Amino acid sequence: MSELHGTEAVLRYHDGELDEGERKAFEAHLSTCADCAKTLRAAEAALGALDDSLAPPLELDEALAAIRRGEANGRRRRLRRRLA
């Protein structure tokens with residue numbers, strides 16, 4: 001990476017797109033650049049909130065787990081009988 005400063009560099013760092021040398025250089029840059037450190041904190045907060053908002057509801061997780069365990073088969077059979 002030729003430029004170690006700015007939003008693009010922060011996002012590439014956050015997303016793990018930097019090779020080891022770039023990552024170490026950017027981490028050193030973060031310790032001296034208040035703008036990039038602030039941008040990184042903001043990106044982490046925004047992307048973390050986005051991840052939380054995209055998480056499936058707990059009920060869906062429980063239903064999928066039941067399907068994986070085979071517990072939903074009886075319910076499916078009952079539903080098929082009702083629909084037939």
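This is a predicted model: local features need pLDDT of at least 70, side-chain atom pairs count only at pLDDT 80 or more; totals for chains, interfaces and linings use all residues.
Residues are numbered from 1 along each chain as its sequence is written, and side-chain values use heavy atoms, with hydrogens and water left out.

**Entry: K24 and its partner**

I looked up what K24 pairs with. The side chain of K24 meets that of E20 in a salt bridge, 3.1 Å from N to O. For the term I use a side-chain nitrogen of Lys or Arg within 4 Å of a carboxyl oxygen of Asp or Glu. Both residues lie in helix α2 (residues 20–30), 4 residues apart, so about one helical turn separates them. Helices here are DSSP runs of H or I with at least four residues, strands are runs of E with at least two, and numbering goes from the N terminus. I put E20 down as partly exposed too, at 49% relative accessibility.

**Entry: E27 and R23**

Next I checked another pair in helix α2. E27 and R23 form a salt bridge through their side chains, at 3.3 Å from N to O. My accessibility note for E27 reads 32%, partly exposed.

**Entry: more on R23**

I stayed with R23, which sits in helix α2. Its relative accessible area is 31%, so I call R23 partly exposed. What does R23 touch, leaving aside its neighbours within four places in sequence? I find Y13 and L18 in contact with R23, where contact means heavy atoms within 4.5 Å. I also looked up L4, 19 residues from R23 along the chain: the C-alpha atoms of the two are separated by 9.5 Å.

**Entry: R12 and E17**

One more pair to write down. The side chains of R12 and E17 meet in a salt bridge, and I get 3.7 Å from N to O. R12 has a relative accessible area of 21%, so I log R12 as partly exposed. E17 is partly exposed as well, at 48% relative accessibility.

**Entry: the tally**

How many salt bridges does the rule give? I end up with 3 salt bridges.

How values were computed. Buried means under 20% relative accessible area, exposed over 50%, partly exposed in between (1.4 Å probe, protein chains only).
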